Amino acid sequence: MKFFLKVVLFVIFTLGFNESRANTLFDSLNSAYLNNHKLNAERANLRASKEEKRESVSEFLPSVTISGYISEQDNTGGSESNFKPSEQSLEIEQKIFQGFSGVSNLRKKMYGQDLAEFKLKKIEQETLLDRKSVV
């Protein structure tokens, strides 16, 4: 009976200690880094500023337009009337120079992306150094 009691107590304490152990510092920091709402918002701002930069770069790229038209008419009556016009077109436009507004807009978006990256790093550092978010 004593042997059985010792085995039961041993099992309870070994399983109990595994379940009730505290998080390590790395686990706490990782959890704070992944689940913080401020960090997630700043990450979304950074993605938005990168997209705005891509849009401003696209002003310098050529635009392509493809269109087509097909029509068919077949009168099987007494006269020969086969009407089959077809039209295809491909239009490529490249803006040569429209002033420096596009260049200025691109610089503005690049500075905005840099600012978003710095804000994200600042929030990351504040989050990881904050004692409240680690606990």
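A residue counts as buried when its relative accessible area is under 20%, as exposed when it is over 50%, and as partly exposed in between, with a 1.4 Å probe and protein chains only. By that rule, 13% of the 135 residues of the chain are buried. This is a predicted model, in which local features need pLDDT of at least 70, side-chain atom pairs count only at pLDDT 80 or more, and totals for chains, interfaces and linings use all residues. Residues are numbered from 1 along each chain as its sequence is written, and side-chain values use heavy atoms, with hydrogens and water left out.

Start with the layout. The chain holds 5 helices and 4 strands. Both are DSSP runs numbered from the N terminus: helices are H or I with at least four residues, strands are E with at least two. Their order along the sequence is α-α-α-β-β-β-β-α-α. The accessible surface is about 11,800 Å², and 59% of it belongs to carbon and sulfur atoms. That area comes from the Shrake-Rupley method with a 1.4 Å probe.

Contacts come next. A contact means heavy atoms within 4.5 Å. Take the contacts between residues at least 6 apart in sequence: 67% of them join residues at least 24 apart.

Now look at helix 2 (residues 25-35) and helix 3 (residues 37-58). They pack at about 50°, and their axes lie 5 Å apart. Helix 2 is therefore oblique to helix 3. Oblique covers the angles left over once under 35 degrees is called roughly parallel, over 145 roughly antiparallel and 65 to 115 roughly perpendicular. The axes are lines fitted to C-alpha atoms over the stretch in contact, and angles run from 0 to 180 degrees between N-to-C directions. Helix 2 contributes Ala32, Tyr33, Leu34 and Asn35; helix 3 contributes His37, Leu39, Asn40 and Arg43.

Further along helix 3 sits Ser56. Ser56 is buried, at 2% relative accessible area. Beyond its neighbours within four places in sequence, Ser56 touches Asn105, Leu106 and Lys109.

An α-helix has 3.6 residues a turn, so residues three or four places apart point the same way. Helix 4 (residues 101-129) has 29 residues, which at 1.5 Å a residue should span 42 Å; its end C-alpha atoms are 42 Å apart, in agreement. The expected span is 1.5 Å times one less than the number of residues.

Lys119 also belongs to helix 4. At 43% relative accessibility, Lys119 is partly exposed. Lys119 and Asn45 are 74 residues apart in sequence, yet 9.4 Å apart in space, C-alpha to C-alpha.
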